[in-house]
Amino acid sequence: MSRPARGPLHVSGELLASKRVGAYRHLTLVAPGIPERFRPGTFVALSVGGSPTGQGGGEHLARRCFWIHRVKPVGAFGATIDLVVEPVGTGTRWLDALAPGATLELTGPLGRPFALPQEPVSCLLVGEGYATAALLPLAERLRERQCPVTLLVAADDEAHLLSAIETRRAARAVTVVTADGSVGRRGGVADVLDEVLTQSAAAVVYAAGPARTLHAVAEAAERHGAWSQTALEQPLTCATGLCHGCAVPVVGEDGAARTARACVDGPVFRGDRVRWVDLADA
Amino acid sequence: MSAPEHTVELAGLTLAGPVLVASGCGGTGRELASYGALAELGGFVTRSLTLNPRAGGPVPRLWESPSGLLNAIGLQNPGVEQFLATEMPWLAQQGTRIVVSIVASTLGEYAELTRRVAGAPGVSAIEVNLSVPDAAGLGVFDVREPFHAANVVAAVLRALPRGVPLLAKLRPDPHRVVESARCVLDAGASAVVVGNSLLAAMPDGRPAGLSGPALRPVALRCVTDVCRALPEAEVVAAGGIGSAEEARAFLAAGARAVQIGTALLHDPTTAARVAADLRGAP
């Protein structure tokens, strides 16, 4: 059966390691074929609740989706992927409690990745909360292309700040903001965005986080004459483009309003293509 | 392709096997093809197409319910012209039977849709969606009584060229499904599809449909009753099927074929796996 080389796979994976870091659970999975196809900005969909394979899903039919945070191509167990989970709902708490050795059904890598610049231009990466996970492999890829990388990392508090040490290694400059001021400056992304954009002279801004943050990034990028690439987090059900549940209001190349799917047309959209006000109203 | 002994005769068509993709659960087909060749299946039913494009309803459009999914997509589709121009040519080349699902606001519109769809190359059959969970809210022809369903079938048949089979997709309502099936078959439908989502509501009260394993016992009752009452009827079963064992239960009840829907949203390989398991392939 011929498959496009970059197409997603549906595989049985194994939970290799599970580690609590601050408010998050870091999972390392053996997922055959998925690491090789990974590109920054893509994600995986997991089945949760121990639904038996071949029974069309158990009690929990909707998939749970996570950014691929890291790919380790070589190891004793073959290639692995790392995911960052914030245990807040039924599915994420189930994953939080899952013991290494468990089998997981997963699909990926899914979605359209971040578009990379052809020239070594300055790039600003803006991440909020666990969504910062999507940006760290991007920072490495940009650095390989000689793009100067500046990072702006935001979270509610220290516990929700993702791997600050690793982010430092990937970037020339890192700005940290927390809502409670426990680390870095007190405030949110919108408070420092213009300043960081000016300092970095970024030609491209990449962002991952809640929709209101992405909206602020898209607008700031316009003001500064930069391109923006925003990685949207919509609740996904199938995550594979089949159900048309994850509607994102966009503007097409021809200027016409359209409804795109976050999972296959995104999750990464050009910031100037998303109708942010309609997205907030939806 | 399947060996000849696995083929199924349905409505005058020879299908490669008894497993079809249910309407609204296979995306445009291309997304599904990433996980397995559509030619391995008996057929692919498109999402329901309308005469004019529809943007679909507000989010959330899907909601997880115990062992089920609530859906309120709002018939998002590009309209029949766009579909025939951009999606049908690809589908026609996939080596499987393509069944185009249609839904309309008036009987005249049904006739118009039928004329446009039936003439397109590669269309094997038409499925009329007589069981939209929120027909009134979406402004489509409301099938409340079996004679309404018969009226639609008659209107479509008047516009349908000879040799193109017509499938009528009925609501899995055990009280009315036998009467509905008798009415649409008397009106000239080639086969009945039993059934669709059950009428339900989103947690916020918006009209929705319930699909998935939660509805399987209800669907099995409907299929069993229709097959017993109308032994000559050609029945396609749908409703929470996710494994070969479950498919066999519906085939044993008298169905000629099964449609896989919600299970694909949980595992995009389900249809291919069920088809392979039924063939006894390794």
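Okay, so in chain B, take the contacts (C-beta atoms, placed from the backbone, within 7 Å) between residues at least 6 apart in sequence: 70% of them join residues at least 24 apart. Quick caveat: this is a predicted model, where local features need pLDDT of at least 70, side-chain atom pairs count only at pLDDT 80 or more, and totals for chains, interfaces and linings use all residues. Residues are numbered from 1 along each chain as its sequence is written, and chains are lettered from A and ligands numbered from 1 in the order they are written.

Chain B has 11 helices and 14 strands, meaning DSSP runs of H or I, at least four residues, and of E, at least two, numbered from the N terminus. Its radius of gyration, over C-alpha atoms, is 17 Å, close to the 19 Å from the globule rule for 282 residues, so chain B is as compact as a globular protein of that length. That rule is 2.2 Å times the number of residues to the power 0.38.

On to the inside. Of those 282 residues, 62% count as buried, with 20 or more other C-beta atoms within 10 Å of their own. B:Ala168 touches B:Leu130, B:Val153 and B:Val192, among others.

Last, the partner: 38 residues of chain B contact 31 of chain A. The largest share of chain B's side, 5 residues, comes from α10(B).

Definitions and conventions:
Contact = placed C-beta atoms within 7 Å. Buried ≥ 20, exposed ≤ 12 C-beta atoms within 10 Å, placed from the backbone. Lists of a residue's contacts leave out its neighbours within four places in sequence.
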